[in-house]
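Have the model open while you read.

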Amino acid sequence: MSAPAPYPIGTPGVAWGAAERALWLSRQVRHRSYNDDVVKAVERLADRFDVEVYGHLDYPPDHYRLFAVRSRGWRDDLPVALVTGGVHGYETSGVHGALQFLERRAADYANKINLLVAPCVSPWAYERIHRWNANAIDPNRSFRENSPAEESAALLRLIAPLRGRFLLHIDLHETTDTDESEFRPALAARDGKASEPELIPDGFYLVDDTENPQPAFQQAIIEAVSKVTHIAPADEKGQIIGSDVVAPGIIRYAMRQLGLCAGITGARYTTTTEVYPDSPRATPQQCNDAQVAAACAAIEFALMAPR
């Protein structure tokens, strides 16, 4: 594998300063509308769910409201399931899968579990099809106290009153070809490190929690999603994106240590989905359907498991 070309911003081996971050920001272009794609979809759900604004993002001249959708008829005697999408704004099916779940399937779980859904955690990045926020910070490495990312801090404030009640959290993501062509090289350049090429897995996979592994839960999701789209195979090292495959389509990360969204609730059942939208074997609708299938399988497993 040939060495990658230097990233066009910064000096190799030197972490970015304010000038490099400003240059990076100046090159970001809006490609789609959060208001048209997400806000209007959420507002259409307001006759069936409780919709709330849980935070605001100010990236002048842009301002965004952050929306959460809750089960109507919330019951204190029921556990809570959290569904998050768009933590990385460029991961499209995370956002649209969460919205499709609300539109088509969430009602199936009325009076069984309380649902809390944040369909687009990072709207600035959603519009620009980017991984980072406007400050060149990755929200999905920033879920910790005194977070440097307001996207992460706002979600942490939203869930704080419900700590101890979460049974489940499923965080909807994608792995794309641009992870390798843009986002990993940008990360290396930003931090003054060498870019280490990795293979992009062709198919769906899950990230379990190293500190709280739930293999039967993860397997139930894999089985459900395999009916919708293909599962990513391990590479020649028995890995997916540099992590050992512990079961078909399943790897593990230390979620809280890494500041990942799926580690914020302390729920018994947690997972991060990873859909591959660039596969010639998957359509955008299949990617959305895979996210919905994963969310439904996760909820159904958690509801049936002994508590």
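A charge sits over a ring if NZ of Lys or CZ of Arg is within 6 Å of the ring centre and within 35 degrees of the ring normal.

| Charged end | Ring | Distance to ring centre |
|---|---|---|
| Arg-32 | Tyr-126 | 3.9 Å |
| Arg-70 | Trp-74 | 5.1 Å |

A word on the source: this is a predicted model, where local features need pLDDT of at least 70, side-chain atom pairs count only at pLDDT 80 or more, and totals for chains, interfaces and linings use all residues. Residues are numbered from 1 along each chain as its sequence is written, and side-chain values use heavy atoms, with hydrogens and water left out.

Now for rings meeting rings. There are 11 aromatic pairs in the structure (Phe, Tyr or Trp rings, six-membered for Trp, with centres within 6.5 Å; planes under 30 degrees apart are stacked, over 60 edge-to-face, the rest tilted). One of them is Tyr-90 with Phe-183, tilted at 45 degrees with 4.4 Å between centres. Tyr-90 lies in the loop between β3 (80-85) and α3 (92-104) and Phe-183 in helix α6 (residues 177-191), so this pair ties together parts 93 residues apart in sequence. Helices (H or I, at least four residues) and strands (E, at least two) are DSSP runs, numbered from the N terminus.

Tyr-269 and Phe-301 have ring centres 5.6 Å apart and planes at 85 degrees, so they're edge-to-face. Tyr-269 sits in strand β10 (residues 269-275) and Phe-301 in helix α9 (residues 284-304), 32 residues apart.
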